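Hi,

Here is the structure I promised to pass on. Have a look at it first, and then read on for what turned up.

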Amino acid sequence: MFKKILIANRGEIACRVIKTARKMGIKTVAVYSEADKDALHVEMADEAVFIGPPPSTQSYLLIDRIVQACKDTGAEAVHPGYGFLSERPAFCEALEKEGIVFIGPKVKAIEAMGDKITSKKLAKEAGVSTVPGYTEIIKNPQEAVEIAASIGYPVMIKASAGGGGKGMRIAWNDAECTDGFERATNEARSSFGDDRVFIEKYIVEPRHIEIQVLGDSHGNIVYLGERECSLQRRNQKVIEEAPSPFLDEATRKAMGEQAVMLARAVDYQSAGTVEFIVDAKRNFYFLEMNTRLQVEHPVTEYITGLDLVEQMLRVAAGEPLSFTQDDVKLKGWAIEARVYAEDPFRNFLPSIGRLVKYMPPQENEVVRVDTGVYEGGEVSMYYDPMIAKLITYGATRDRAIAHMRDALNEFFIRGVQHNISFLAALMVHTRFMTGRISTNMIAEEYPHGFSATDVPHDDPALLISVAAFLYRRYMDRAAQISGQLLGHERKVGSHCVVVMGGQQHPVQIDPAEGGYDAVYMGETYQIRSDWQFGYPLFKGTLNGTEICIQVERRGMVYRLFHWGSQADVVVLSPRVAKFQTLMPEKAPPDLSKFLLSPMPGLLTKVAVQAGQEVKAGEELAVIEAMKMENVLRADHDSKVAKVMAGPGDSLAVDQAILEFE
Ligand code: ADP
């Protein structure tokens with residue numbers, strides 16, 4: 001086994017690899033950019049080498065620097081993690097030249113699978129089921145339309161060099177096909193510097209199910225079950241689970257065996273993933289093979305009991321697999337939720353900044369948190385905005401979901417926006433709970449984005465009684481302080497009014513042993529908790545059942561967060577509550593007359609002029625953000641009064657582009 005390895009990556013995956021290396025007694029070397037000098041992976045590793053400025057093109061993607069770092073530290077092998085150099089043949093070759101081992105598959109396998117067109121052809125030859133389509137490069141929109149007609153709509157236009165959901169467009173007719181061809185080509189050119197695109201059948205109501213494979217250098221290859229990754233937003237995975245609630249034993253076996261056939265065809269040695277798309281009738285088709293460790297590998301680790309990084313290290317060191325296909329037994333259920341620095345309430349706008357508070361849930365045998373951040377650390381604009389992966393396990397799917405719901409309640413992050421409420425909302429969504437998911441589910445269920453009102457709490461009395469508890473504890477403390485001054489004793493009344501969702505809820509609240517008893521609508525709620533002011537988590541019991549609610553004080557308002565619901569509450573004395581009903585309401589400003597930029601980005605095109613009539617659905621402007629072209633369309637018929645921004649302008653969120661009459 002190696003004595004020392006270098007991890008050519010950052011963030012959670014670098015930390016995750018270091019953990020296993022440490023467990024195996026292997027010394028670790030981290031590399032880091034200027035932006036990461038205080039990062040967790042640097043602190044965790046035995047040694048760390050500085051490799052350059054923050055942009056990854058000047059640091060984490062520089063092959064020479066990393067090879068030099070290996071030579072300087074005497075690292076015998078390199079684990080590439082995912083992303084960055086993990087699937088670059090040139091990196092493997094550069095390492096090989098210096099006699100350093102690449103902890104991953106051989107160059108040939110990476111090359112064969114690195115291109116969607118080549119890999120699809122190879123899969124077909126190996127007898128693997130592939131999506132019906134045309135595996136030649138499409139030269140122009142006319143050709144795209146002809147081929148689409150021969151395949152039959154709907155079709156998907158895809159960049160051959162694509163990845164991360166970029167350079168893909170769905171078309172249902174000739175017009176969309178022409179438009180999709182241009183956009184996919186443009187995106188492919190700007191993201192990958194390679195504008196080759198091809199066309200295949202678009203599978204309706206598809207599920208994304210992938211098979212984990214593992215091969216060694218002695219010709220042994222096994223499959224380690226599947227992961228279902230159908231919950232995606234804009235083709236990017238949000239929630240993954242293993243096993244899939246959709247597969248039966250026969251399909252699982254057939255997919256596993258085809259994945260092994262493909263791996264065998266490229267002499268695959270290491271951990272790899274064969275992605276399939278599965279239709280409503282359980283027909284499955286090969287999508288692509290990822291020749292590296294996947295972000296979502298922990299769910300497979302939970303249900304197989306294997307450490308995939310350990311297996312990769314053993315294979316790279318030349319050891320044969322210590323088990324056969326028959327030894328692989330899947331047990332229980334695991335779910336992963338990706339916690340991103342993005343604001344779900346603002347169209348998932350990426351967020352950056354300092355993690356003023358970062359309190360992940362406690363890890364135990366059913367809760368795992370893979371992260372590369374810590375409280376006080378920074379989420380920078382240079383890298384992937386993932387804060388952590390939260391993984392839970394249970395004997396059944398329901399148990400794993402229940403643990404995930406609890407763990408999300410406890411995950412407390414402040415300083416950057418995060419998507420925890422969205423993840424929690426998915427966990428209570430009936431389609432998710434019953435396993436009726438597809439890659440379109442998020443788009444179908446949240447067509448206008450996500451808003452706090454999407455998740456009404458199924459037990460508002462819980463939030464109302466906790467709010468009364470917070471109020472009463474505050475009043476009791478205030479009374480105690482002023483009571484110390486003679487003549488200022490105050491008696492705290494038993495009644496208060498909780499204002500939530502614009503409605504007044506009268507509550508009676510009285511002290512009891514270890515907490516308070518609330519009476520709301522004739523029911524008694526016994527709340528017991530040692531919660532104090534400033535605690536972000538309200539932990540305790542409600543009628544004997546454990547609860548955990550996030551509490552944030554914003555002036556007069558308490559913001560409560562529980563199971564994906566977010567409620568702003570104000571608690572008033574009965575007297576003040578009576579006056580409140582007499583207060584006039586402030587009307588929000590009318591923004592419907594403007595086209596506002598939904599995200600920060602570069603305005604690349606304004607398609608209309610002042611005075612022009614526009615029809616609903618007509619293109620108004622194009623914004624490029626995060627290398628994606630976003631077309632803004634009219635949502636109703638109107639007339640443009642004024643154009644307020646022009647091509648080349650950098651737009652802020654909510655900046656006005658057009659004014660309508
Ligand atoms: P990337 O390399 O960018 O991740 P993939 O080929 O893996 O691209 O596809 C990403 C996602 O796009 C899939 O998980 C699936 O949701 C969707 N997708 C890809 N091809 C098709 C298709 N032919 N029909 C329907 N959906 C597809």
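Leaving aside its neighbours within four places in sequence, which residues is Thr439 in contact with? Before the answer, one caution: this is a predicted model.

Now to Thr439. You'll find Thr439 in the loop between α14 (430-433) and α15. Setting aside neighbours within four places in sequence, Thr439 is in contact with Pro206, Arg207, His208, Ser230 and Gln232. Is Thr439 buried or exposed? Its relative accessibility is 18%, and buried means under 20%, so Thr439 counts as buried.

Which strands does β10 pair with? One is β13 (residues 270-278), which runs antiparallel to β10 and is joined to it by nine bridges. There, Gly215 sits opposite Ser270. Another is β11 (residues 221-233), also antiparallel, with six bridges. Leu214 has Val222 in β11 as its bridge partner. β10 and β11 form a hairpin with five residues between the strands, and in this hairpin Gly219 takes a positive phi near 90 degrees.

Next, the nonpolar cores. The largest one has 49 residues, and those with the most contacts inside it include Ile239, Tyr358, Phe411 and Leu426. Several elements each supply at least two residues, among them β12 (236-242), β22 (386-394), α12 (397-410) and α13 (420-427). Which element gives the largest share of this core? That is α13, with seven residues. Where does the core lie? Domain 2 (117-126 + 208-331) and domain 4 (335-455) both give residues to the core, so it lies between them.

Not counting residues up to four places away in sequence, Tyr358 touches Val369, Thr371, Val373, Tyr374, Glu375, Ile387, Ala388, Phe411, Phe412 and Ile413.

There is also a second, separate core, with 34 residues, and Ile7, Val17, Met44 and Ala271 are among them.

Notes
Residues numbered from 1 in each chain as written. Predicted model: local features only at pLDDT ≥ 70, side-chain atom pairs only at ≥ 80, totals over all residues. Heavy atoms only, no water. Core = buried A, V, L, I, M, F, W, Y, C linked by side-chain atoms within 4.5 Å. Buried < 20%, exposed > 50% of the residue type's maximum accessible area, 1.4 Å probe, protein only. Helix = DSSP H or I, 4+ residues; strand = E, 2+ residues; numbered from the N terminus. Domains from an automatic or database assignment. Contact = heavy atoms within 4.5 Å. Pairing = 2+ DSSP bridges.
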